[in-house]
Amino acid sequence: MPRLKLIRVFFAILLCISFGGANARLNIEINQGMVAGVPIAVTNSAEETALRRSGYGAAFEELAGVVRNDLRMSGRFEPLFPEQLPRVNNVQQELDAGLWQQARVENVVLGTVKPEAGDRFAVSFKLLDVYKAQSGASGQLNNGELTRVENTVLLSKTYHGISRKDFRALAHRISDDIYEKLTGIRGAFSTRIAYVMVVRAFDGSHYSLEVADADGYGPVALVKSKEPIMSPSWSPDGRQIAFVSFEKNRAEIYLIEVATGKRRLLSKFPGINGAPAWSPNGRQLAVVLSKEGSPKIFLWDMDTQNITQITDGYSIDTEPAWSKDGRSLYFTSNRGGKPQIYCMDMSTRKINRVTFVGNYNARPMLTSDGKYLVMMHREEGQRQFHIASQDLATGEVSVLTHAFLDESPTLSPNGAMVLYGTQEGDRQILSLVTLDGRGQLRLPAREGSVQEPAWSPFLS
């Protein structure tokens, strides 16, 4: 068998990839309800209502739709739509707790968009805690019942000089603010995702490395090729992506600048060059090379360009993933007979096995707090691959997904959501599940397949 084919077979077996054709953009579909999501209203304020009556367009609804989608995507909230809510005609009504209690919401987001000079806008929103009002924590009493919520405004902000083209970015920022205020966890809606699209055509398959907003909007193709592209990995500052390309009929690792599309070749050793993973400080890249025989993990010093082999033996060691403090490196290895996840202490180079539940565990990812390991998992006696999390303190494993082939998990930078690939009929789509397994969403292409997702770090 030719050497190139052997390399591709190795990657295919290791990653369990089986994809069909694809289109060139994502189409976000939210088709599954959240389990016990907190009801939240995102609607126009009384001031916005007055602007509409004066003939001004309903600009806030453009932002509100994005905010609702973000909050539902998080799995923690169940946003209500305007038709499900009472109409707010004046300030007295919008502060009436009874009005919102009837709609069974616990939090309310009220927004306004007002025109400013030069085709710019002022965007305002405030977040109300209706549940606190129901509990009698603040407000005014009327015949023993709380009726107003002006003292339960949790958050209030105004942004000036916003252009219409920046509405979506601002909506993600507002979602981040709301999410953090209500959960205490930093929001990740202003981040981005990278993935590989595969388009089947009469002249063969076409591959592209694309970057889009976290909700799949605004995809941009950074690389296009008629040969496979794999394993995108974001640098800690979000400015570069390392990836594997077969465009020269062999596996090579490249770095590409997201803003400019400028790229450079990093690794082209004979055999396998794969699975790049940035260290948290961006100074090293863990890569998989087979230049010495079996695939092993090496550290690539980004300043000196020196490489150091850190695993050895006859096993296949691959899929490195760093802990957030950079003190540990997790990886997949068959050194125990079957693919399992191991952890290397970077100061001592001591290696310990981490996973013991299931006969196959691979593609490790660590949550930002270092408490959970997210992985591709197969249970004993089963053929299906799922996404699972393991509590690193107790060893307890929780299966998060339940399709036939779930793979390639990538974590949001706040550790709350997992994006992964899954099979839907004869195509591959992206899906999202919350780390607690409470809700699942699908992020399919309009037609065809999407694969190898990678979630960016927080972006400034």
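Analyst: Happy to. A polar contact is a pair of N or O atoms within 3.5 Å, where, within protein, one must be able to donate a hydrogen and the other to accept it. Please keep in mind that this is a predicted model.

User: Great. Which side chain makes a polar contact with the side chain of E407?

Analyst: That would be Q428, whose side chain is 3.4 Å from the side chain of E407 in a polar contact.

User: And where is E407 found?

Analyst: E407 belongs to strand 27, which covers residues 406-411.

User: Is E407 buried or exposed?

Analyst: Buried. The cut-off for buried is under 20% relative accessible area, and E407 counts as buried because its relative accessibility is 0%.

User: How far is E407 from P453 in space?

Analyst: Their C-alpha atoms are 9.8 Å apart, while in sequence E407 and P453 are separated by 46 residues.

User: What about D406, is it buried or exposed?

Analyst: D406 is buried, because its relative accessible area is 0%. D406 is also placed in strand 27.

User: Which side chain does the D406 side chain make a polar contact with?

Analyst: With the side chain of T422, at 2.5 Å. If you set aside neighbours within four places in sequence, the residues in contact with D406 include M376, F385, H386, Y420 and T422.

User: Let's zoom out. How many helices and strands are there in the protein chain?

Analyst: The protein chain has seven helices and 31 strands. It holds 460 residues, and 53% of them count as buried. Among contacts with a separation of 6 or more, 48% come from residues 24 or more positions apart.

User: Nice. Which residues touch the most other members in the largest nonpolar core?

Analyst: L63, V113, V123, F167, I174 and I178 do, in a core of 40 residues. Helix 3, residues 60-73, gives the most to this core, with seven residues. There is also a second, separate core of 16 residues, and V196, L209, V211 and W234 are among its members.

User: Which residues is I178 in contact with, leaving aside its neighbours within four places in sequence?

Analyst: I178 is in contact with I40, V67, L71, V109, F125, L127 and L155.

User: Now pockets. How much space lies in the largest pocket?

Analyst: About 920 Å³. The largest pocket has 41 lining residues, and S233, W234, A277, K324 and M365 lie nearest its centre.

User: Which elements give two or more residues to that lining?

Analyst: They are helix 1 (3-15), strand 11 (229-234), strand 15 (273-278), strand 19 (317-322), strand 23 (360-366), strand 27 and strand 31 (449-455). Strand 19 gives the most, with five residues.

User: How does the lining of the largest pocket divide by class?

Analyst: It has 25 nonpolar, twelve polar and four charged residues.

How values were computed
Residues are numbered from 1 along each chain as its sequence is written. This is a predicted model: local features need pLDDT of at least 70, side-chain atom pairs count only at pLDDT 80 or more; totals for chains, interfaces and linings use all residues. Side-chain values use heavy atoms; hydrogens and water are left out. Helices (H or I, at least four residues) and strands (E, at least two) are DSSP runs, numbered from the N terminus. Buried means under 20% relative accessible area, exposed over 50%, partly exposed in between (1.4 Å probe, protein chains only). A nonpolar core is a set of buried Ala, Val, Leu, Ile, Met, Phe, Trp, Tyr and Cys residues joined through side-chain atoms within 4.5 Å. Contact means heavy atoms within 4.5 Å. On a 1 Å grid over the protein atoms alone, a cavity is a set of points where a 1.4 Å probe fits but cannot get out, and a pocket is an open set with protein on both sides within 12 Å along at least five of seven lines; lining residues have an atom within 4 Å of a point. Grid points are joined across faces, edges and corners, and a volume is the space filled by probe spheres set on the points. Ala, Val, Leu, Ile, Met, Phe, Trp, Tyr, Cys and Pro count as nonpolar, Asp, Glu, Lys and Arg as charged, and the others, Gly among them, as polar.
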